Amino acid sequence: MALGRQTAKGTPTCVWRVNRELLETLDEKLGPPLDSYVRGWQVWLEANGPDGATLEWRLHPPAGFTMPRGVNHHDLFDVVLQQLALLGEGEPIAFDDRARALSEIWEVLEAFPAYGDDSDPQALAAACADALGGRQPDGAGRVDHRRLGDLWKGRRGEFSVGRALLDQVGAPRD
């Protein structure tokens, strides 16, 4: 889980809980992901941060995520969007192996300066909200990416990076 460089104070970060509307907004505002990983992450690099800084936007899967059978990781975002367009609110997404709730695919969207640029978390939150058509993050603050990556690796993927991010940025509990 390689992330951008980090200052001693942590990486300025914004976090959103994933829902259908957020994914539709991502598709509308950022388009298809630039990159994707077999572990479910979807990644965009966009010059829409404070003062035009490049931000990394990353969808994080939940702990223990496995790629749905029959879906290439490069197609996961599009497959999910296509299914959501056909389904009613809250209906599970059907894959070859089983139906999954959206929360079983991605937990959170994270945005942070891609190349270690430092930024005030509130300025980052404002730039991110602007990039997403006014959608405010659930939380903004500084996070310790190195520690989160070590925890995820040490638990072989059985660690919720999404919950840890929400905690570190002080997002209210559901």
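Which residue's side chain does aspartate 97 meet in a salt bridge, and how far apart are N and O? Please go on from there to the other contacts.

Author: The partner of aspartate 97 is arginine 100, and the distance from N to O is 2.8 Å. The model is a predicted one, and that applies to everything below.

Buried means under 20% relative accessible area. Arginine 100 has a relative accessibility of 1%, so arginine 100 counts as buried. Aspartate 97, at 28%, counts as partly exposed. Salt bridges elsewhere share partners, and in this way Lys9, Asp118 and Arg142 are joined into one network.

Aspartate 118 and lysine 9 form a salt bridge through their side chains, at 3.7 Å from N to O. Lysine 9 belongs to the segment before strand 1 (11-17), while aspartate 118 belongs to the loop between strand 7 and helix 3 (121-131), so this pair ties together parts that are 109 residues apart in sequence. Aspartate 118 has a relative accessible area of 41%, which means partly exposed. For lysine 9 the value is 56%, which means exposed.

The count of salt bridges comes to 10. As for the general idea, side chains of opposite charge can pair when their charged atoms come close.

Glutamate 56 has a relative accessible area of 9%, so glutamate 56 is buried. Arginine 58 counts as buried too, because its relative accessibility is 4%.

In strand 7, leucine 109 is the bridge partner of leucine 59.

Leucine 45 lies in strand 3 (residues 42-46). Its relative accessible area is 33%, so leucine 45 is partly exposed. Together with Leu34 and Tyr115, Leu45 makes a nonpolar surface patch of about 310 Å².

Arginine 58 has one more contact. Its charged end sits over the ring of tryptophan 41, 5.8 Å from the ring centre. That leads to the rings. A pair of aromatic rings is described by the distance of the centres and the angle of the planes. The count of aromatic pairs comes to four. One of them joins tyrosine 37 and tryptophan 41, with 6.2 Å centre to centre and 80 degrees between the planes, an edge-to-face pair. Tyrosine 37 is partly exposed, with a relative accessible area of 35%. Tryptophan 41 is buried, with a relative accessible area of 8%.

Another pair is made by tryptophan 44 and phenylalanine 77. Their ring centres are 5.3 Å apart and their planes are at 80 degrees, so this pair is edge-to-face. Tryptophan 44 is in strand 3 and phenylalanine 77 is in helix 2 (residues 76-86), so the contact ties together parts that are 33 residues apart in sequence. Tryptophan 44 counts as buried because its relative accessibility is 1%. Phenylalanine 77 also has a relative accessible area of 1%, so phenylalanine 77 is buried. Ring pairs link Trp44, Phe77 and Trp106 into a cluster.

Histidine 145 has its place in helix 4 (residues 145-154). At 3% relative accessibility, histidine 145 counts as buried. The C-alpha atoms of histidine 145 and glycine 10 are separated by 7.5 Å, although the two residues are 135 residues apart along the chain.

To return to the request: aspartate 97 meets arginine 100 in a salt bridge, with arginine 100 buried and aspartate 97 partly exposed.

How values were computed
Residues are numbered from 1 along each chain as its sequence is written. This is a predicted model: local features need pLDDT of at least 70, side-chain atom pairs count only at pLDDT 80 or more; totals for chains, interfaces and linings use all residues. Side-chain values use heavy atoms; hydrogens and water are left out. Patches are made of residues with over 30% relative accessible area and no salt bridge: like charges are joined within 9 Å, nonpolar side chains (Val, Leu, Ile, Met, Phe, Trp, Tyr) within 5 Å. Accessible areas come from the Shrake-Rupley method with a 1.4 Å probe; for residues, only the protein chains shown count as cover. A salt bridge is a side-chain nitrogen of Lys or Arg within 4 Å of a carboxyl oxygen of Asp or Glu. Helices (H or I, at least four residues) and strands (E, at least two) are DSSP runs, numbered from the N terminus. Buried means under 20% relative accessible area, exposed over 50%, partly exposed in between (1.4 Å probe, protein chains only). Rings of Phe, Tyr and Trp (its six-membered ring) pair if their centres lie within 6.5 Å; planes under 30 degrees apart count as stacked, over 60 as edge-to-face and the rest as tilted. A charge sits over a ring if NZ of Lys or CZ of Arg is within 6 Å of the ring centre and within 35 degrees of the ring normal. Two strands pair if DSSP finds at least two bridges between them.
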